[in-house]
Amino acid sequence: MKKNESEIGESSLINHDLAPTTEEQRTWKTANFVSMWMGALNNIPTYITIGGLIVLGFSPLQVIGIVLVASLILYAALTLNGHTGSKFGIPFPIIARTSYGIRGANIPALLRGFVAIMWLGIQAYAGSTALRMAIASLWPAWNNLGGDITILGIDLPGLLSFLIFWSLHLLVLKSGMESLKKVQKWTGPIVAVVIIGMFIWALKIAGGMGNIFSLDGKYDTFGKAFFPFLAAVTGVIGYWSTLILNVPDFTRFARSQKDQIKGQLIGLPVIFTIFAFATVTIVGATAVAYHTPIADPIATMKHFNSPFLIAVSALLLSSATVTVNVIANMVSPSYDLANLFPKYIDFKRGFYLTAFLALFTFPWEIMKNSETIFTMLNLIGGFLGPVAGVMIAHYFIINKREVNMKDLYSYQGQYMYFKGYNYRAFLATVVGAIIALIGQFVPAMKGVYEVSWFVGVILAFFIYIALMRIHPPVPVTKQELIVEEPL
């Protein structure tokens, strides 16, 4: 590894944030990955996603089953794609060079970055609604600022809350990934305290657990529930499909393969299912007490009797949203932008640029109802699933878990393919995405669209392997070499 680092150090395709991690940088233990997932899962948008399943007609037990199945599939995908980062210490956009090509890797990286920036805006808005309620609970006049004035479709208190909450993200990564590791240690447990408090409150207003879990869903037979169940699993996976791609951005800091595998096992299937149980209990309790399920935790908190309790709970719950935003939606675009312009953008500059772009996502329009969120989740899964399928196929089947480290940072190596692009990866991705998403536009194929992530991953996986076998890349010749030119 050290020899490779010295050989690639002068390449224009690298900077200090894109280089393989050193032994000194590999400090993430099992507990750090558990903390990462605890902070990533215990937040407002995840709560709304799970609660939205109750609103859409699933029973509490069905929702827990959906989350358990989705989390097990997510765990498998995350540990498989995270293996490369843990073994070689490289981030997602660099790994993408092995399958998409030195230049081609920028395309899936930018696609992933675009989706992450959109989610960054959504998560920031979700957190800002909690901040707004916290301020208004202590200062009621806050909600009346600006009167009936609206700016870009949102009132003045909402916009100010959004901008204040957005600015908090800039503090988290001031010292890079080490500062994130420190912050996430306390955000997850703090939010867990809020959820436990809400859980106890829910049992009280519903008159016990029995009243909540006796609620019937509209899918009361296996035949009625099967396809909606699969569609819901796809939606939950779609929520985290972005992190499936860039999980190497975190596993590259793992002390060992065992740390990331064990940490993600505890952090995903275990903690996610516990969080789902607490969430459906709370949402189900609102259905019992108020005759309609309330999927938004901020709206639920309005039923608390104490303004001070509302303010504290809302502030603590919103704090975890900052953490999940950084983990899922800021780290990856920062690396993606650094990969695009390694000479001019390092991780920290990419981080600030990502935050700036998120200001223009207008998330308040996206989060108006559960149907909109799940439609977006399926679209994301349909596009990014094939990328994950290609990357996993290349690393485990084509390359047999090996990577030519020197050629990752060279215009003259095996990952140049044809002028820096591997058409096989792009063809597999496009075909997988088109078939996965065609049901959105062709009613007869709607069933395929509802399981878009699965269709995209599986198709791209096998198509890519077939193309690499049928028409394998030829070694780059001297005539095909591209001379590096400074940008």
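Reply: Start with W142. W142 is buried, with a relative accessible area of 8% (buried is under 20%, exposed over 50%, partly exposed in between, with a 1.4 Å probe and protein chains only). The model is predicted: local features need pLDDT of at least 70, side-chain atom pairs need 80 or more, and totals for chains, interfaces and linings use all residues. Numbering runs from 1 along each chain as its sequence is written, and side-chain values use heavy atoms, without hydrogens or water.

Now the rings. The count is 24 aromatic pairs (Phe, Tyr and Trp rings, the six-membered one for Trp, with centres within 6.5 Å; planes under 30 degrees apart are stacked, over 60 edge-to-face, the rest tilted). W139 and W142 form one: their ring centres are 5.7 Å apart and their planes stand at 50°, so this pair is tilted. W139 is partly exposed, at 43% relative accessible area, whereas W142 is buried.

W453 and F454 give another geometry. Their centres lie 5.5 Å apart and their planes meet at 85°, so they sit edge-to-face. W453 is buried, at 6%. F454 is partly exposed, at 21%. Ring pairs also build a cluster, which links W37, W119, Y239 and W240.

Next, a buried serine. S334 sits in helix α14, residues 307-340 (helices are DSSP runs of H or I, at least four residues, and strands runs of E, at least two, numbered from the N terminus). S334 counts as buried because its relative accessibility is 0%. A polar atom of the S334 side chain lies 2.6 Å from the backbone oxygen of M330. Beyond its neighbours within four places in sequence, S334 is in contact (heavy atoms within 4.5 Å) with D346, F347, G350, F351 and T354.

Last, the surface. A nonpolar patch there is formed by I149, I151, L152, L353, F356, L357, F360 and F362 (residues over 30% relative accessible area with no salt bridge, nonpolar side chains joined within 5 Å, like charges within 9 Å; a salt bridge is a Lys or Arg side-chain nitrogen within 4 Å of an Asp or Glu carboxyl oxygen). Together these residues have about 710 Å² of accessible area (Shrake-Rupley, 1.4 Å probe). Helix α15, residues 347-358, supplies the largest share of the patch, three residues. L152 is exposed, at 57%.

How values were computed:
A polar contact is a pair of N or O atoms within 3.5 Å; within protein, one must be able to donate a hydrogen and the other to accept it, and residues adjacent in sequence count only if both atoms are side-chain atoms.
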